[in-house]
Amino acid sequence: MREVDLVYRTMFAELCERVMDASFESDLDLSGRFVPVEVKGRRYWYFDQAVNGANKRTYVGPATDEEITRRVEDFQNLKNARRARRKLVSTLVRETGFPQPEPMTGDIVAALAEAGLFEFGGVLIGPVALQCLGGFLGVRLPSAVMRPADVGTAKFDTISAAVGESSPPVLDFLRAVDSSFRAVSHGPGGRVSMQFASDTGYTVELLTLDDEEDHFGDAPAPPATFLDFLIREPVRSVLLHRSGVPVAIPAPGRFAVHRILVAACVNGDTIGCAEGSSDLHQAAALASALETVRRHGDLAMAWSEAWDRGPVWREALETGISCMQPKLRDALERTLENGLEEIDADPAEYGLTSDMGTPVPRM
């Protein structure tokens, strides 16, 4: 795996900054436009926008009002900035091969961002989040690992996000994308799930942690219980859709380790081997990306944190990594070994062995 050229890594970082800055710049629909109208020799500003397929014209005020004229000029600057961001997105996709979401998926994530979900502490998870990690790291992840994972909620037509104790009312924003969206269910067990579904087959799932889910120790740990680990200390990135959508996503080291944990839990709370799991391919690809950009320590910090959470977590880590194809496992273990050395930890103390149980030697 190779880093993309520095110019494009810089471009992605610039896009992130511009998108974050633009998040709350205007309360007007940027698809609309200000229109000057002369009435009896005097000039007035109106605002035109499409509403339900028809043009709606709203009176703004006289052109002689300096504050209104300033707002018109600022709005045009915002539109120009949005066009510039859209050009950056197109260039990045064309020149780097960074993935774009399917258009409807992109519109839904944009609606969640507009609703303030990520400002409320929400974190985008699943395959859509994985699409944002390549640009964040400055590498092109293999297209095969962007495909849906083999767990029930990780599909491209399901957009999942983990949220804190509170989340904004997103349904109105989703209905602006597709009026058929409706609330459908609440999930049981170790998480509360708010789900919204559309008649066109899209599902948005918001997952919240319950109060007891921070530490599991010796308790069984089904995949949902790893959510707390996944969303701690998220990072900011951009979904390459239209002019860029600002999102919060899991840190890449946590994402990789989480994939290993989930792959080991093949039947709910049963720990076992899931050879060939797409989760493990995702983990291996992210580990390779972290090695490429010399961030071995990120993977090691996430691994050691999960390892220290208790026997069940350790069993899941050991099982998950043992299920990997030998070539992938060897590469991931090398990255982990280098990372643990980097953070002054002994690989043998964190279950890292090779050659059928022989501890990996210290470098």
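Me: Before we start, what does buried mean here?
Reply: Buried means under 20% relative accessible area. Keep in mind that this is a predicted model.

Me: Then Cys16, buried or exposed?
Reply: Buried, because its relative accessibility is 14%.

Me: And Cys132, buried or exposed?
Reply: Cys132 has 1% relative accessibility, so it counts as buried.

Me: How many disulfides are there?
Reply: The count is 0. Cys16 is in no disulfide, and the nearest cysteine sulfur is that of Cys132, 9.1 Å away.

Me: New topic. How many residues are in the largest nonpolar core?
Reply: It has 76 residues. Leu124, Leu141, Leu174, Val257 and Trp303 have the most contacts inside it.

Me: What does Leu141 touch?
Reply: Leaving out residues up to four places away in sequence, Leu141 touches Met1, Leu130, Leu133, Gly134, Met146, Ala285, Leu286 and Ala289.

Me: Which residues does the second core include?
Reply: Leu15, Val19, Leu92 and Leu240 are among them. That core is separate and has 13 residues.

Me: Switching to Gly122. Where does it lie?
Reply: In the loop between helix 3 (103-114) and strand 4 (123-125). Gly122 counts as buried because its relative accessibility is 2%.

Me: What does Gly122 touch?
Reply: Beyond residues up to four places away in sequence, Gly122 touches Leu117, Ala162, Val163 and Ala248.

Me: How many residues apart are Gly122 and Ile231?
Reply: They are 109 residues apart in sequence. In space, Gly122 and Ile231 are 8.7 Å apart, C-alpha to C-alpha.

Terms used: Residues are numbered from 1 along each chain as its sequence is written. This is a predicted model: local features need pLDDT of at least 70, side-chain atom pairs count only at pLDDT 80 or more; totals for chains, interfaces and linings use all residues. Side-chain values use heavy atoms; hydrogens and water are left out. Helices (H or I, at least four residues) and strands (E, at least two) are DSSP runs, numbered from the N terminus. Buried means under 20% relative accessible area, exposed over 50%, partly exposed in between (1.4 Å probe, protein chains only). Contact means heavy atoms within 4.5 Å. A nonpolar core is a set of buried Ala, Val, Leu, Ile, Met, Phe, Trp, Tyr and Cys residues joined through side-chain atoms within 4.5 Å. A disulfide is a pair of cysteine sulfur atoms within 2.5 Å.
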